[in-house]
Amino acid sequence: MRTSTIWKVLVFALAVQAAAMDGAEAAISCSTVISDLVPCLSYVTGSAASPTAACCNGVKALNAAAQTTPDRQAACKCIKSAAASYHYNSAKADKIPALCGVNIGIPISPSTTCDKIH
């Protein structure tokens, strides 16, 4: 009977560890988010009249990569953190997805609450 209990505890511990590892790996990396969106800086900071093809390609790549709720929340947090380092036009930033033909379903705004994104 004692051996059975030990096995049950061991299996449960392994299941919890596997679930924790899945969650940890699910979130997109901030470096991926930044590398996808760096080409958009010229537009949101005012030096370009419209998003470049590289910007739109990055937005599309990020949208394709951020398919899960943890990924979208991590991308949002990364964008908000990086945006705090720049003077940019938030109205232009919010227009990028539409100008690039991408529906992200999330407003791009400094007031967006990342934890409420699903």
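On a 1 Å grid laid over the protein atoms alone, a pocket is an open set of points with protein on both sides within 12 Å along at least five of seven lines, whereas a cavity is a set of points where a 1.4 Å probe fits but cannot get out; lining residues have an atom within 4 Å of a point. Grid points are joined across faces, edges and corners, and a volume is the space filled by probe spheres set on the points. By these terms the largest pocket holds about 840 Å³ of space. Of the 33 residues that line this pocket, Leu37, Leu62, Ala75, Ile79 and Ile108 are the closest to its centre.

The structure is a predicted model, in which local features need pLDDT of at least 70 and side-chain atom pairs count only at pLDDT 80 or more, while totals for chains, interfaces and linings use all residues. Residues are numbered from 1 along each chain as its sequence is written, and side-chain values use heavy atoms, with hydrogens and water left out.

**The chain as a whole**

The protein chain has 6 helices and 0 strands, and from the N terminus on its elements run α-α-α-α-α-α; helices (H or I, at least four residues) and strands (E, at least two) are DSSP runs, numbered from the N terminus. Of the 118 residues of the chain, 26% count as buried, where buried means under 20% relative accessible area, exposed over 50%, and partly exposed in between (1.4 Å probe, protein chains only). The accessible surface comes to about 7,600 Å², of which 62% belongs to carbon and sulfur atoms; such areas come from the Shrake-Rupley method with a 1.4 Å probe, and for residues only the protein chains shown count as cover. Contact means heavy atoms within 4.5 Å, and among contacts between residues at least 6 apart in sequence, 71% join residues at least 24 apart.

**The pocket lining and helix H5**

Two or more residues of the lining come from each of helix H2 (30-37), helix H3 (41-44), helix H4 (53-65), helix H5 (69-83) and helix H6 (90-99). H5 gives the most to this lining, with 7 residues. By class, the lining has 26 nonpolar, 5 polar and 2 charged residues, with Ala, Val, Leu, Ile, Met, Phe, Trp, Tyr, Cys and Pro counted as nonpolar, Asp, Glu, Lys and Arg as charged, and the others, Gly among them, as polar.

Helix H5 has 15 residues and reaches 21 Å from its first C-alpha to its last, close to the 21 Å expected at 1.5 Å a residue; the expected span is 1.5 Å times one less than the number of residues. Its buried residues are Asp71, Gln73, Ala74, Ala75, Cys76, Cys78, Ala82 and Ala83. Ala75 counts as buried because its relative accessibility is 6%. Leaving out residues up to four places away in sequence, Ala75 touches Ile28, Val33 and Leu62.

Asp94 lies in helix H6 and is partly exposed, with a relative accessible area of 39%. Apart from its neighbours within four places in sequence, Asp94 is in contact with Pro107 and Ile108. Ala91, also placed in helix H6, is partly exposed at a relative accessible area of 44%.

His87 has its place in the loop between H5 and H6, and His87 counts as exposed because its relative accessible area is 80%. Thr112, by contrast, sits in the segment after H6 and is buried, with a relative accessible area of 11%. Not counting residues up to four places away in sequence, Thr112 touches Cys76, Lys80, Ile106, Pro107 and Ile117.

The table sets out C-alpha separations for residues described above.

| Residue pair | Separation along the chain | C-alpha to C-alpha distance |
|---|---|---|
| Ala75 and Ile28 | 47 residues | 6.6 Å |
| His87 and Thr45 | 42 residues | 6.6 Å |
| Ala91 and Ser109 | 18 residues | 8.1 Å |
| Asp94 and Pro107 | 13 residues | 6.4 Å |
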